[in-house]
Structures are given as C-alpha cells and as structure tokens.
Amino acid sequence: MSLVSALYPALKPWLFKLDAERAHEWTTRLMRFSHSLGLLKPDELPVSTPVECLGLKFPNALGLAAGMDKSASAVDAWAALGFGFVEVGTLTPRPQPGNPKPRLFRLPEHQALINRMGFNNPGIHSAVERLKRRRTSAVVGVNIGKNFDTPNEKAVDDYLYCLKAAYPVADYIAVNISSPNTKGLRDLQAEESIRQLLDSLKTEQSAQEKAHGRKVPVLVKIAPDLEGQQIEALARVFNELAVDGVIATNTTISREAVAGHPLAAEAGGLSGAPVRERSTQVIQAFRTLLAPAIPVVGVGGILSGGDAVEKLRAGASLVQVYSGLVYRGPGLIADVLHAVRKASS
Ligand SMILES: Cc1cc2nc3c(=O)[nH]c(=O)nc-3n(C[C@H](O)[C@H](O)[C@H](O)COP(=O)(O)O)c2cc1C
C-alpha cells in the first residue's frame, strides 16, 4: 500500500474534526508537499487499463471530478495519486470569492456532502498559466462557467471567453450549466438556451481548431434533477449539434435521501452516496438517447470499485469521483482501478 493511502485512515479523524473547507485546504497542501518529496507513488495500483475516448488516450478510466481542484494548483499531484484524468475548475472569466463561509458541510451518516461554494476561483487566466507548467501526461479537462454577476442573457460571452483562454492548454473543455450555486445557471439547460449556447461554442471550437491545428473536445455537464422530457430535449440538442461528450451528473438539489438530517436544510448541492442511484439513471437515459459516438462520463456517488463498475455498465465510458475521495481517501483510487480491470478482463 502506498504511504498516502496508508496514512489517510490515521489522518481522517483529525481532518473530520476540522471545518470541511479547512480540511480540504490542508489535504491539498499536504498532497502537494508529499508530491514534491516524491512520496505519491501509487505502487498498489494495478497495471492501468487505458481508455481511448473523445479522441484522447486516457491512462485509465478514473478522473478527479470538477470542484476539488478549482484553481489547477495540484494537477501533477492528483495524477501521481493514480487518476487517469483531472478536471480543474469551475473557472470563470474573472476571479471571484464565492459564497460566504461556511459553505461546505459533511453528512457522514449518509457519506454525503452539501456545498454552496459558488464558483470560488482565481479566474481562467491564472489556471491557464498553472496548466502551462504541468508535467503530467494525464488528461486534463478545464471546466468553465460564468461569473455570478453576469446575467444569463450574457452568459454565452463568459463561456466563449473561457473556451478561448483554455483551448491552448486543455485536453477537453467541460461546459458547466448545472451547478445549483450560481443563480439561474441551471436555466441554461432549457432547450432553446442550451441550443444557442452550444451553437456559439461549437462555432468557436471550429475556429480554434483551425487556429491551433488540434481539436479540443467540448463536453456538457448536466444536473441529476432533470425530468424525462428535459433529458430527451437535451439529448436532442446534443445530437443535433454533435456535442463531443456529456458529463452526468452534478450535485442534486433534492433532499429526499437525507430528510431529517440536521444539515438537510442547508442550501446547496448534495453529493456522495445519496446521488448515486439518480446519477446512474441519468447516465443510462443519456446513453440510450445519445448517438453512439457521444460518450458519457459518469459521476455521482462513487464510493467503491463496485459503484464505478455500475456506472460503466450503465453506459459511462469514463468515471469521476469527488465525495468518495473525502470519505475513502486515496485508497478509493486503487479500489476503482482494480474493479474496473477485473470487470473488463
Ligand atoms: C465541494 C464541491 C464543489 C464542487 N464544485 C464543482 C464545480 O466547481 N464545478 C462542477 O462542475 N462540479 C462541482 N462539483 C460537483 C462534482 O464535480 C460532482 O459532479 C458531484 O459532487 C457528484 O460527484 P460525487 O458524488 O462523487 O461527489 C462540486 C462538488 C463538491 C462536493
């Protein structure tokens, strides 16, 4: 077992005594430090099972979901832990502080988190400068959004701005229209809004492809709280405009699974075990409705290797984790990679 995986169970009780956001800051710092000392050697990982997807070669099917590394400050360290890909962000055109603290809560009884971070980030240009200096060959996705004070009518300008800035350094770009913590953002999922937004982004993507001689795939990240007809409408637009991929799903605004918990009334998105089943259903629905050439990235409630395999069986080509890493630590990475290898052999 690698040193970091062995240490996590000892560190976890201490980290869980800290405020959740402080614990997150400490772990990121510790990870960067361990990496600088060459201690992040994922020696217990199986020989990875590479995946070809989106025209890219992924060293393995497991990625770090957006939100964990909002500023692209530790991409090399995440890759050294064993992730095949790292999605940084969400990044907005201008830096912004996010919502007032506290804004991140643990619900350990449910292996869940509630967050209303509100896209705290250093701005797209700062992340781009950091990504220029990365050493890893892991795939890096740049997740983009709009500033909180940009009205929805002008949202397309923010996404275009970020797409242009990220294009030279990104392996793929994820368009986040599904965070519940930026007022009105999820309204962009309405059929006409998303058609207009994606039409502009696809046109810019073609222009950038010509300018850079390289196609950077553009994926869309969607919410789990969509009804059947909304899913059908979105899939129709994604097929029509030949979106390169879909990331399903973001956090949920539903509190059904955690009803009665003292923190259930906190505003924000719920992630972890309570979102697992719904995310899998949404993945399955999109897989059925989307053209075969459009891959689905499955995320939501993966806390074990078995959960990851379930997402792949539901039609995901790749998977991502966030909350599972908080509850299971880096041991989750080896667990998922072993299970994926076993399932694919
Ligand atoms: C604290 C926190 C911050 C997040 N920030 C973002 C974000 O900035 N952009 C985004 O697309 N998703 C964000 N997410 C959503 C995750 O990427 C993921 O889609 C969701 O948490 C479900 O996966 P999980 O159950 O493995 O956590 C965030 C999640 C958490 C818990």
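**Around the ligand**

Colleague: How many residues surround the ligand, and which are the closest?
Modeller: In this predicted model, 24 residues surround the ligand, and the closest are Ala 66, Thr 90, Gly 272, Gly 301 and Ser 323; a residue is near if one of its heavy atoms lies within 4 Å. Residues are numbered from 1 along each chain as its sequence is written, and local features need pLDDT of at least 70, side-chain atom pairs count only at pLDDT 80 or more, and totals for chains, interfaces and linings use all residues. Side-chain values use heavy atoms, with hydrogens and water left out.

Colleague: What is 2.7 Å from a nitrogen atom of the ligand?
Modeller: That is an N or O atom in the side chain of Thr 90.

Colleague: Changing topic, where is Arg 186?
Modeller: Arg 186 is in the loop between β8 (172-176) and α6 (191-212), where helices (H or I, at least four residues) and strands (E, at least two) are DSSP runs numbered from the N terminus.

Colleague: Is Arg 186 buried or exposed?
Modeller: Arg 186 has a relative accessible area of 17% and therefore counts as buried, a term that means under 20%, with exposed over 50% and partly exposed in between (1.4 Å probe, protein chains only).

Technical notes:
A polar contact is a pair of N or O atoms within 3.5 Å; within protein, one must be able to donate a hydrogen and the other to accept it, and residues adjacent in sequence count only if both atoms are side-chain atoms.
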